Amino acid sequence: MTDFITVADVDVQLGPDWAGAGDPVLAVTMANAWLTAKIKRAVPDPVPTEIKTAGAQVAKEAALGKLYKDTRKEVQSQTVSAQPGTSTSKTYVAGSTDQSAGVNFALALLAPWITRSGVIMLKRI
């Protein structure tokens, strides 16, 4: 895992009380793990401001318990009939979860580092 941000970085971005009742060290560790999983390109040193801002947003979500959530097997299809001829049905995608505004903002900031380069040259030898 790469350390993109620290607790001090998040304190500068969001203020000293950003974690609320959550554990700031654990939240930053979770944010760094999330960033490491998402970023697919080399990151220059020092770490760009966009990545630190994204990490701060993700750390805040982690402190609130919204970054890594418990998952459960979701309903693929369900049909309920009240009377003959009437029914309602629901279909969910397996494993789908809602993303918070902070995570969506972080993904937008990380866009240049998430996607891989478009051209790969292969040479036959």
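Trainee: How do I read Q57 here, as buried or exposed?

Mentor: Check its relative accessibility against the cut-off. Buried means under 20% relative accessible area. Q57 has 18% relative accessibility, so it counts as buried. Keep in mind that this is a predicted model.

Trainee: Where is the place of Q57?

Mentor: In helix α3. Its contacts come next. Leaving out residues up to four places away in sequence, Q57 touches L14, G102 and F105.

Trainee: What about T53, is it buried or exposed?

Mentor: T53 also lies in helix α3. Its relative accessibility is 17%, so T53 counts as buried. With residues up to four places away in sequence set aside, T53 touches Q13, F105 and L109.

Trainee: And G55, is it buried or exposed?

Mentor: G55 has a place in helix α3 too. Its relative accessible area is 0%, so G55 is buried. Not counting residues up to four places away in sequence, G55 touches I5, A31 and L35. G55 and N32 are 23 residues apart in sequence, and their C-alpha atoms are 7.0 Å apart in space.

Trainee: How many of the 15 residues of α3 are buried?

Mentor: Eleven of the 15, so α3 is largely enclosed by the rest of the structure. The buried residues are I51, T53, A54, G55, A56, Q57, V58, A59, E61, A62 and A63.

Trainee: Which helices do the buried residues of α3 pack against?

Mentor: They pack against α1 (7-14), α2 (24-38), α4 (101-109) and α5 (111-114).

Trainee: What should the 15 residues of helix α3 span?

Mentor: Compare an expected span with the distance between the ends. Take 1.5 Å times one less than the number of residues. Helix α3 covers residues 49-63, so it should span 21 Å. Its end C-alpha atoms are 21 Å apart, which agrees.

Trainee: What follows α3?

Mentor: G65 does, and its phi is positive, near 80°.

Trainee: At what angle do α3 and α4 pack?

Mentor: Read two values for a helix pair, the angle and the axis distance. The angle of α3 and α4 is about 160°, and their axes are 8 Å apart. Angles over 145 degrees count as roughly antiparallel. That makes α3 roughly antiparallel to α4. The crossing of α3 past α4 is left-handed.

Trainee: Which residues in α3 and α4 meet?

Mentor: From α3 come E50, T53, A54, Q57, V58 and E61. From α4 come G102, V103, F105, A106 and L109. By kind, the residues of this contact of α3 with α4 are six nonpolar, three polar and two charged.

Trainee: Now α1 and α3. At what angle do their axes cross?

Mentor: At roughly 90°, and the axes come within 9 Å. Angles of 65 to 115 degrees count as roughly perpendicular. That makes α1 roughly perpendicular to α3. On α1 the contact is made by D9, V10, Q13 and L14. On α3 it is made by K52, T53, A56, Q57, A59 and K60. The residues of the contact of α1 with α3 divide into four nonpolar, three polar and three charged.

Trainee: Where is the place of P46?

Mentor: P46 has its place in the loop between α2 and α3. For a peptide bond, read omega. From D45 to P46 the bond is cis, with omega near 5°.

Trainee: Now step back. How many helices and strands has the protein?

Mentor: Five helices and two strands. Along the sequence the pattern reads α-α-α-β-β-α-α.

Trainee: What share of the 125 residues of the protein counts as buried?

Mentor: The share is 28%.

Trainee: And what share of the contacts with a separation of 6 or more comes from residues 24 or more positions apart?

Mentor: Those residues account for 68% of such contacts in the protein.

How values were computed: Residues numbered from 1 in each chain as written. Predicted model: local features only at pLDDT ≥ 70, side-chain atom pairs only at ≥ 80, totals over all residues. Heavy atoms only, no water. Helix = DSSP H or I, 4+ residues; strand = E, 2+ residues; numbered from the N terminus. Buried < 20%, exposed > 50% of the residue type's maximum accessible area, 1.4 Å probe, protein only. Contact = heavy atoms within 4.5 Å. Axes fitted to C-alpha atoms, helices over the stretch in contact; angles between N-to-C directions. Parallel < 35°, antiparallel > 145°, perpendicular 65-115°, else oblique. Left-handed = near helix turned anticlockwise from the far one by under 90°. Nonpolar A, V, L, I, M, F, W, Y, C, P; charged D, E, K, R; others polar.
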